[in-house]
Amino acid sequence: DIARFDLWARRVVVDAAVGDSAGILGDVAVLEWIRDRIAHGLDDVTRTRLDVQILELRNNANDEDAKAAAVTARALRKILAGL
């Protein structure tokens, strides 16, 4: 599931590059669902960092800010890279 989460975070970057706001919203929804699947296996600090970035990404998507969404998605990927 962590690899799947990373894949969907990369999709956010791709959708942001083409300005697909609807795609970003869908990607965020999937990331939220996957987060629920992996949260139990994360330590408290990592889970909190992940949750903060997902909330930020949700806000970026709701604001239709593709550039910020791409930045946030990259930050999510960095959190996962440390696992």
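Helix α1 passes helix α4 in a left-handed crossing. Keep in mind that this is a predicted model. Now the geometry. Two packed helices are described by the angle between their axes and by the distance between those axes. Here α1 covers residues 2-17 and α4 covers residues 66-81. Their axes lie 8 Å apart, at an angle of about 160°. Angles over 145 degrees count as roughly antiparallel, so α1 is roughly antiparallel to α4.

Which residues make this contact? From α1 we have I2, F5, D6, A9, R10, V12, V13 and A16. From α4 we have A66, A69, A70, A73, R74, L76, R77 and L80. Sort them by type. You get 12 nonpolar, four charged and no polar residues.

Look at the spacing in those lists. An α-helix has 3.6 residues a turn, so residues three or four places apart point the same way.

Stay with α4. This helix has 16 residues. From first C-alpha to last, α4 reaches 23 Å, close to the 22 Å expected at 1.5 Å a residue. Which residues of α4 are buried? They are A66, A69, A70, T72, A73, L76, I79 and L80. What do these buried residues pack against? Three helices: α1, α2 (21-38) and α3 (44-62).

T72 is buried. Its C-alpha is 7.0 Å from the C-alpha of E56, although E56 and T72 are 16 residues apart in sequence. E56 sits in helix α3.

E64 has a positive phi of about 55°, yet it is not a glycine. At 58% relative accessibility, E64 counts as exposed, because the cut-off for exposed is over 50%.

Now the other pair, α2 and α3. The axes of α2 and α3 come within 9 Å and cross at roughly 160°. That makes α2 roughly antiparallel to α3. The crossing of α2 past α3 is left-handed.

Who makes this contact? On α2, the residues are I24, L25, V28, A29, L31, E32, R35 and I38. On α3, they are R47, L50, D51, I54, L57, R58, A61 and N62. How do they divide by type? Into 10 nonpolar, one polar and five charged.

To recap: α1 is roughly antiparallel to α4, and α2 is roughly antiparallel to α3. The buried residues of α4 pack against α1, α2 and α3.

Methods
Residues are numbered from 1 along each chain as its sequence is written. This is a predicted model: local features need pLDDT of at least 70, side-chain atom pairs count only at pLDDT 80 or more; totals for chains, interfaces and linings use all residues. Side-chain values use heavy atoms; hydrogens and water are left out. Axes are lines fitted to C-alpha atoms, for helices over the stretch in contact, and angles run from 0 to 180 degrees between N-to-C directions. Helices (H or I, at least four residues) and strands (E, at least two) are DSSP runs, numbered from the N terminus. Angles under 35 degrees count as roughly parallel, over 145 as roughly antiparallel, 65 to 115 as roughly perpendicular and the rest as oblique. A crossing is left-handed if the near helix is turned anticlockwise from the far one by less than a right angle, and right-handed if clockwise. Contact means heavy atoms within 4.5 Å. Ala, Val, Leu, Ile, Met, Phe, Trp, Tyr, Cys and Pro count as nonpolar, Asp, Glu, Lys and Arg as charged, and the others, Gly among them, as polar. The expected span of a helix is 1.5 Å times one less than its number of residues. Buried means under 20% relative accessible area, exposed over 50%, partly exposed in between (1.4 Å probe, protein chains only).
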